[in-house]
Amino acid sequence: MRSQHLNSEALSASGRTSEKLSLPALQSMMKCDPEGYESELLLLYSQFNSSLDLFQQQAVFTSMSGVDTDPAVAKDLGDRAVFLAHLTPFYPKHLADFPKQLVQFLRSSSRSLPSSLRCHVAQALILLINRKIVDVGDTLALFLELQTLGDRVLRKLAFSHVVHSIKRMNQNHKNEAKNRALQNVLFTMLQQEDEAQAKRSLITLCDLHRRKVWFDDRTANAICTACFHPSSRIMIAALSFLLDYEKIEDDDDNDGSSSEDETPQKPQVVLSKENAYKAHHKGTLSSKKKKKAKLQRVIRSMKRQQRLSSEKGTPNSYSPLNHLKDAQGFSEKLFSRLQTCNERFEVKMMMLKVIARTVGLHRLILLNFYPFIQKYVQPHQRDVTNLLAAAVQACHDMVPPDAVEPLFKQIVNQFVHDRSRTEAIAVGLNVVREICLRMPLLMTEDLLQDLVLYRKSHEKAVSTAARSLITLFREICPSLLIKKDRGRPIDPKAKPKAFGEVNVVSGVPGAELLQHHDDDDDDGDDDDDDDDDEAGISDYDESHDSDEKIAASDGEQDDLSNHNSDNLRKDSINDVQDAEVAEDEDGNNITDDDSVEVSDDDDGGGSSGGDDDDSDDDDEDNFSDSVNGEEEEGEKEFNGSRKINGLNDGDDGTREDKSKARKRKVFGFEGQLNAADTSLRALKRLAGVKMGHDSLDSTDGILSNEDFQRIKDLKAKKEAKFALAQHGLLRKGSDAKSTGFKIPSSDQLSVKRVDPAMLEVNIRKKLNKEERLELVRAGREDRGKYQARAAVKQKKTGGLSNRQKEHKKALPLAAKRSKIQKSREEKRKQQRRSGKQFRGRKAWK
């Protein structure tokens, strides 16, 4: 008990009472009055030094004679080390050499120390590091070495100390110089051939990277470099971390959310078509009102979640492979090791997945990789779905189609044929769809038509896979499908990009959303304010004709600025000019008060009056009111105008002039019919521009902060509409009729991981005997105990017998009469038989 209590001689020497005090009590008293207990501190420090020397001498004697050391000495030494570690901040001068003694003691004899003493000394050193008396960098290598001693408690203690100390150091701000020094220590240990130290340094780096403490390129490249370590265990650990990073990140996020957010979260409401139908068609007026309000709240929450997810991005798409400085060299070096290694099949599959992930993520060209995979593409191959997922991951639009075509044909020939199993056919079709989504140039018309025929299969997995292939090619290349399979594609002339073709962005991404939004607003204003616009147009006179031509052509150029086509601009200007010429010609034909004078030359005309201008405007109103521009309505209007012209010609003109006037009128009407919509839209757009609706070209292509905010809102709105369309919640408009299928871009496909389970979707797996028995037992849970039918009949308490039910049958009148007749005859027969077969008492006796 020397470690826990001070003897009376020591206390009397210091002038204290002779009662015994424990070390924790003395520690609290010395913290309250450091200056008054200096003598006790010196006494205890000398006792620690003597205990340390005694333990070292016993250790030497034990190594020579084999006799165990005294456990009391080790316990005394550990307790005094922890005691002095607590008092070091209060006596910095007296205990200046104490931290160095602890570090030196652990480095020299950590392997020979007892487990309890080693943990006590490590705890004392951690306490000094937390008080910032000892630097983390000076003891990092020591704590990594302590993790390799085989002591489980010490390993957990040292690992948590290293991670939390580095995390605490980078909590407020990051000291790059200090972090770089610590990283150099770990990187040096990772490159050593000692497997234990390299493994502990790799685990530390992976944990710090997962916690986003060291979330930089150097740490990610160091982890990736561990894939080339001579030890297979280090290589497997690095490969598993690279492959399972997204899963680890998801688990960590879930743990963090559960620990930090203790409030229970509301379950997410899933909408369906049934809910939307009930909200609009079922129930009373008040209940439908409540359902509609709830539906709107859920839709708003879905839009908000969609907007937040679009702003936040895809968190699961990150991988340490993103930070590779030399991705091509990494993939080539790992592929060469894969070809020459003798590891087991699982390790080879891990290497294959990492190579495919790197090739797809950085869009590398590794032409020897595809023939290597082709050797293993067989339906009976072990883990064939993982292998096919890796093959899909390695395909992108920068790889020449000729390099992937043999692999593509091998997949089709081995998996998709009439004698193959349904599971193999479904997997093959899904793989073909995923590869064609990334490289559509591999598909030919004959092959696609053969694969599409599987949509008539009775197996759900096969038919679903074939229909998904049809849906894909309806979007990317409808011309490869036959006419009945094309449906109604959005772009019938859509074709995939040629090899090496790249879309160069020449403007602000999302600026076309602003233009479409402005066009929709203008169209809405046109529909709402037709009368106002047409009245404004009728007020223009001949002096504004030239200005109208220039402004209208500018308005049409604004509409076509996103397409960058000079031909379209010229066509729009010519259409506006032809429309105005047609209006002038029509005006010349109608403006005469008494007669219509028509000559063979095109220059004929006359002065137009106010009444004739009104009639001309009325004709334009009739043309603008017809939405579809059908020819029947135009002919009716033309016939009416021709009758008016005929009456005028009947007064002063001749029959020949009538026929010429009719021909001339037909030509003018067709010109008006073709150009009325273009001219009116151009003039209305001019009015909209004058009212303040500026286009992008009017501001020289410079977008303001409000425009960028509108682009952001329109993108979020578009994503929300797409999400609602996928759930079938859009009730009106063309968006509700859309398929809800969105072709991802090449960058999105390169980032996205291919899940092998999605290649086996809708496939019913064969159950083993235990699973079948479990299903049988589950079906017997609600069933009663087996009983004989007679026992069940005897226990019957309610209901009628069959004979009683026959009496209550509703029969026709003829059947009732025949039944009564039969029953009467049966009674008579019974009476006759009863008289002859009487065995009772005789009357004559």
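Is E405 buried, partly exposed or exposed? With a relative accessibility of 29%, E405 counts as partly exposed, where buried means under 20% relative accessible area, exposed over 50%, and partly exposed in between (1.4 Å probe, protein chains only). Before we go further, please keep in mind that this is a predicted model, in which local features need pLDDT of at least 70 and side-chain atom pairs count only at pLDDT 80 or more, while totals for chains, interfaces and linings use all residues. Residues are numbered from 1 along each chain as its sequence is written, and side-chain values use heavy atoms, with hydrogens and water left out.

Let us take in the whole chain. The protein chain has 38 helices and 0 strands; both are DSSP runs numbered from the N terminus, with helices being H or I of at least four residues and strands E of at least two. Of its 845 residues, 36% count as buried. The accessible surface of the protein chain comes to about 52,800 Å², and 49% of that belongs to carbon and sulfur atoms. These areas come from the Shrake-Rupley method with a 1.4 Å probe, and for residues only the protein chains shown count as cover. Contacts, meaning heavy atoms within 4.5 Å, can also be sorted by sequence separation. Among those between residues at least 6 apart in sequence, 69% join residues at least 24 apart.

L41 gives us a place to start inside the model. This leucine is found in helix α3, which covers residues 38-65, and L41 is buried, with a relative accessible area of 0%. Leaving aside residues up to four places away in sequence, L41 touches M30, L84, L87, Y91, H94 and L95.

Q183 counts as buried because its relative accessibility is 2%. Again not counting residues up to four places away in sequence, its contacts are W214, D216, R218 and T219.

From there, look at the loop between α10 (195-210) and α11 (217-225), where you will find K212. The phi angle of K212 is near 60°, a positive value in a residue other than glycine. At 39% relative accessibility, K212 counts as partly exposed. R363 also has a positive phi without being a glycine, with a value near 55°. Its place is the loop between α17 (345-362) and α18 (369-374), and R363 is partly exposed, with a relative accessible area of 24%.

Now for the charged pairs. The structure holds 17 salt bridges, each one a side-chain nitrogen of Lys or Arg within 4 Å of a carboxyl oxygen of Asp or Glu. D207, R210 and R211 are linked in a network of such bridges.

E346 is worth a stop, with two arginines to look at. Its side chain meets that of R344 in a salt bridge at 3.8 Å, N to O, and that of R382 in another at 2.3 Å, N to O. R382 lies in the loop between α18 and α19 (384-393) and E346 in helix α17, so this pair ties together parts that are 36 residues apart in sequence. Both ends count as partly exposed: E346 has a relative accessible area of 32%, and R382 has one of 46%.

That brings us back to E405. Its side chain forms a salt bridge with that of K409, at 3.4 Å from N to O. K409 is partly exposed, with a relative accessible area of 45%.

Our last stop is a patch of positive charge on the surface, where R824, K827, R828, K829, R832 and R833 gather. Patches are made of residues with over 30% relative accessible area and no salt bridge, with like charges joined within 9 Å and nonpolar side chains (Val, Leu, Ile, Met, Phe, Trp, Tyr) within 5 Å. Lys and Arg count as positive and Asp and Glu as negative, while His and the chain ends are not counted. The place of a charge is taken as NZ of Lys, CZ of Arg, CG of Asp or CD of Glu. Within this group, R832 is found in helix α38 (residues 813-836), and R832 is exposed, with a relative accessible area of 55%.
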